[in-house]
Amino acid sequence: MCEPVEEVLEVEAGAALSREVSLQVRDAEVTLVAPAASRVFVDGVEVGVAPLHAPLRLSHGGHLLSARAPGGNVLRQSIDAVAGSRTTVVLGALHEDRHRRPAARGVLPAGPRS
């Protein structure tokens, strides 16, 4: 969650040492997938046009991701960014097929029996 801090200290035997260390919380990296040419926003602030060329770096906590397609359609998703994590968020279903059933997970196709 925090950037590593490394320090080498030399202390004489029996001596006391007090040290204050400020830790920097790592950003979350969020790869955002949105329809091509959509304007992308984080918490209402425009950050680019899809496809983005790098992950978004977000502070730890809640954020609102949105994309405004060239036709005006707005897609939104709230996320809770976790410091130091990497995740992917897909706004909108690319090539959506509403009649397709979801694929079964964890099932392997039957192969030839010997």
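Eight bridges join β5 to β6, and the two strands run antiparallel. This is a predicted model. One of the facing pairs is Gly-62 in position opposite Asp-80 of β6.

Now widen the view to the sheet. It is open and has 4 strands, in the order β3-β2-β5-β6. The pairing is antiparallel. The edge strands are β3, residues 45–49, and β6, residues 74–81. Each of these edge strands pairs on one side only. On average, neighbouring strands of the sheet are turned by 25° against each other, direction ignored.

Strand β5 covers residues 61–68, and His-63 is found in it. Is His-63 buried or exposed? Its relative accessible area is 10%. The cut-off for buried is under 20%, so His-63 counts as buried.

The side chain of His-63 has polar partners. A polar contact of 2.7 Å links the side chain of His-63 to the side chain of Asp-43. A polar atom of the His-63 side chain also lies 2.8 Å from the backbone oxygen of Ser-59.

Which residues is His-63 in contact with, leaving aside its neighbours within four places in sequence? The list holds Val-42, Asp-43, Leu-58, Gln-77, Ser-78, Ile-79 and Ala-81.

Conventions: Residues numbered from 1 in each chain as written. Predicted model: local features only at pLDDT ≥ 70, side-chain atom pairs only at ≥ 80, totals over all residues. Heavy atoms only, no water. Buried < 20%, exposed > 50% of the residue type's maximum accessible area, 1.4 Å probe, protein only. Polar contact = N/O pair within 3.5 Å; in protein donor to acceptor, adjacent residues only side chain to side chain. Contact = heavy atoms within 4.5 Å. Pairing = 2+ DSSP bridges. Axes fitted to C-alpha atoms, helices over the stretch in contact; angles between N-to-C directions.
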